[in-house]
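This report looks at how the parts of one model are arranged and where they touch. Please keep the sequence and the structure in view while reading.

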Protein chains: 2
Amino acid sequence: MFESAELGHRISKEVWDREVPPLREALLDAQYDLATARFPVVLLVAGVDGSGKSETVNTLNEWMDPRHIQTHGLDEPSDEERERPHMWRYWRMLPPKGKIGIFDGSWYTWPILERAHGRIKTSELDQDMGRIARFEQMLIQEGALVLKFWMHLGKEAQKKRLKGLEKDPLTRWRVTPRDWKHFEMYDTFRQVAERSLRATSTAEAPWIVVEATDPKYQRLTVGKILLERLRARLDQPAPAAPAVRTLPRTSLDSVNILRALDLTKRMDKKDYEEELLTLQGKLNLLIRHRNFKKHALVLVFEGVDAAGKGGGIRRITQALDARTYRIQPVAAPTEEERAQPYLWRFWRNLPRKGKVMIFDRSWYGRVLVERVEGFCSEADWQRAYSEINDFEDQLVRSRSLLLKFWLSISQEEQLRRFEERQATPFKRFKITDEDWRNREKWPLYESAICDMLERTSTEIAPWTIVESENKYFGRIKILKTLVQRLEDEL
Amino acid sequence: MFESAELGHRISKEVWDREVPPLREALLDAQYDLATARFPVVLLVAGVDGSGKSETVNTLNEWMDPRHIQTHGLDEPSDEERERPHMWRYWRMLPPKGKIGIFDGSWYTWPILERAHGRIKTSELDQDMGRIARFEQMLIQEGALVLKFWMHLGKEAQKKRLKGLEKDPLTRWRVTPRDWKHFEMYDTFRQVAERSLRATSTAEAPWIVVEATDPKYQRLTVGKILLERLRARLDQPAPAAPAVRTLPRTSLDSVNILRALDLTKRMDKKDYEEELLTLQGKLNLLIRHRNFKKHALVLVFEGVDAAGKGGGIRRITQALDARTYRIQPVAAPTEEERAQPYLWRFWRNLPRKGKVMIFDRSWYGRVLVERVEGFCSEADWQRAYSEINDFEDQLVRSRSLLLKFWLSISQEEQLRRFEERQATPFKRFKITDEDWRNREKWPLYESAICDMLERTSTEIAPWTIVESENKYFGRIKILKTLVQRLEDEL
């Protein structure tokens, strides 16, 4: 894979002087067109040490309007980053639509290093590359143009480069003992990089290997390819949504997981109040347990309108210190959020260790309201199931505790609660025309909910279905489940 | 994921009697439409032991025209199969366009069993599932409708089923000690199956989990879903090829891997003849070496017309017993081959252990002639690079020795050879008008060849580029490379 980048590619000063000015002009034009075209460009600059990655990144910033470029160097992860799933830092860095995000170092860096140092196995490297391929696929399906450059130096060329830098007093500081240590591992790195590139070179986002012996050749090549791909994408008509067949739920009997629930389960007020106090006491102690600091707690509440999500959440937060938790009510996305992949607004709100994040509605909106109301294409929500499972897998692997509650009530009980809300002045704000409209789509929602439970109730992140016809019963079930889970984990 | 299939779904005899006759009729209609619609249906029936998989498969065969169904039970692999890559048996079984292939057991069976028994790690299971997901993606992109049914029984239901079968003297034989052993491992199997299904439930080929407690419910559900999906696909207009941007090769200098070759390398006739004899002698011994029986040898010869592929191949086969090797000249695909994914014709020709298969041109036609001549869409050849890398990865993991030779000559030397062929009566058959036409497309081929070498020269299966301007030099380099590789491996 690297042979073509070991041929001693170079260009003369004349070519450089002739080619650069028109390239800069064309890049600037493309950049301004991008601002209105509303898709993001994700540009990775990866490669071996001393291959001029940051110089190339600087050149791109110099050639273009840096106000519309977001450049990210890969430093050591911050404490903020260390306490969240590995990919969190990259999600924070994703460019919004209309902008170019340049990554000097990327999500490839860590797995390649880990494998080269023998800290993970080949099968684990493949696991990581599979996750990365799915992540990039998601970016592409959300509209991003993904360009991946691998800066390559042959072994001899790298040695020469490091020695050259060392000889010059002005650049000596740039060569560290770590660089020489990595050089000794050249063959290992080459092999691991080759395997990683092979696993992630897809038709939509192939790696572009660029020889790095001649900086002029290297920078001009990157600039020209960026221009070509960007221009091609800008001039291309918006792609039609891929045709995905509607998959009707064949139901031979009228049984489904919602209808099979026993909604007559109830609890009387006295028992409720007693148990509530006990459970809230336990919860309070558990959240202050010293082992809790090793985890982040993520709670997801979903359910039809008036199912009791707010009430259930309040019974939890009553037991918590206000500095510990945050509630994220999920409504229509903001402008900033609409300029990003749909999961972005949930990634940005992930809690640190020792903290509790409560989502009042969540990423499941994609396969519920967005599906039913047609806010996204069928292809979009069809792929969302596995994207969500991948997302939750990352949460769980970072030792977050994830609990998902589906609060279920009957259509009749919903009507009763709607009417009660309308009749009670201080509850009236809770009921809108939209709630009544949603109610008419009950059967469509039922299908969507059943699909959601089937596709996303996994061993690593199962749904807890809460019979909420009786509020007391529902709230106690939520608290019990939460307390039980914390007791198991801590 | 399995909760919806543990609700005790069942249908009455009345529903069955009412629904089955029209379903059968509609299935038969769809089957006949399929014959002319020219896409294959790949239908997997997987699931826990005793979940009525084969009964369901039998029912489908009974309901439809079995002449257009190919049913495959998963027996122990034959010795033929054991000596080839794991997926070879399934490639052999793929249904051609217009037919339905039903798999009772599939490519999922082995990895799930291996993981449940702890013989592979979770990361290795994920590796396997990644490979499977890519394989199925390839089937879909080649046009197949892929339907995956998972037959599920809850733990109690499975116990009851096994006991029931055991009590009846007519079915007692069907319950083996292995079934009970697997039952003891129920929770493990469930967990492994869940992980596998989650990793491979894609938007295009999601798993469909079907409860298996009531055979009538189970069979009717499978039949109805098959009909729905098949009908939806038949009624859908042929999908437009996905838009993939043309990726021009930006070349700033005129250097590329072909032009960088030193084609002046030569060898005189006397040295050639001597070395030829020595190398052929070594090769003969190596192929008869007892360790050679552990491997299959696959040789790929590619190069422009008149580059000397035939001559190179003959110098190898001269050293071999005719029972050991086969040469597969690759020309236009046959009708049968055109009804299958493009790699099928190469899979079918993979050698057993201890045998040598020589491909005179190969699967690389996809990214060479098919690309340049427009015989496939750009999206098709763009994805072919990673499909080919996956294919070769499977060869190498099954301990096949794969050597790929690119024979390179200059455009001038090609002209000289063409003219010589035309002037020599016994060589004239080797030169056609097409050769002259191809020659005019030299620059397009050069681009395609450079891309191919860059994308598919991998650590596991590197290309050997052979400077063939001088035939003697080229032939000796081929033989030397081959002998060296065999000496290293045996």
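How many residues of domain 1 of chain A are in contact with domain 2 of chain A, and how many residues of domain 2 do they meet? In this predicted model, 18 residues of domain 1 of chain A are in contact with 17 residues of domain 2 of chain A. Two elements, α4 (88-93) and α6 (122-141) of chain A, each supply at least two residues of the side of domain 1 that touches domain 2, and α6(A) gives the most to that side, with five residues. By residue class, this side of domain 1 of chain A divides into eight nonpolar, two polar and eight charged residues. The division of chain A itself places domain 1 at residues 3-235 and domain 2 at residues 269-489, and the C-alpha centres of these two domains lie 39 Å apart.

The contact between the chains takes 57 residues from chain B and 58 residues from chain A. On the side of chain B that touches chain A, the elements that give two or more residues are α6 (122-141), α9 (186-200), α10 (215-235), α16 (378-397) and α19 (442-456) of chain B, and the largest share, nine residues, comes from α10(B).

Within chain B, five strands form an open sheet in the order β7-β8-β6-β9-β10, with parallel pairing. The edge strands of this sheet are β7 (325-329) and β10 (463-467) of chain B, each of which pairs on one side only, and neighbouring strands are turned by 20° against each other on average, with direction ignored.

One pairing in this sheet can be followed down to residues: strand β6 (residues 296-303) and strand β9 (residues 400-408) of chain B pair in the parallel sense over eight bridges, and Val300(B) stands opposite Lys404(B) in β9(B). Across β6 and β9 of chain B lies α16(B), which runs at about 135° to β9(B). The helix α16 (378-397) of chain B is also among the elements that give two or more residues to the side of chain B that touches chain A.

Definitions and conventions. Residues are numbered from 1 along each chain as its sequence is written. Chains are lettered from A and ligands numbered from 1 in the order in which they are written. This is a predicted model: local features need pLDDT of at least 70, side-chain atom pairs count only at pLDDT 80 or more; totals for chains, interfaces and linings use all residues. Domain bounds come from an automatic or database domain assignment. Two residues are in contact if their C-beta atoms, placed from the backbone, lie within 7 Å. Helices (H or I, at least four residues) and strands (E, at least two) are DSSP runs, numbered from the N terminus. Ala, Val, Leu, Ile, Met, Phe, Trp, Tyr, Cys and Pro count as nonpolar, Asp, Glu, Lys and Arg as charged, and the others, Gly among them, as polar. Two strands pair if DSSP finds at least two bridges between them. Axes are lines fitted to C-alpha atoms, for helices over the stretch in contact, and angles run from 0 to 180 degrees between N-to-C directions.
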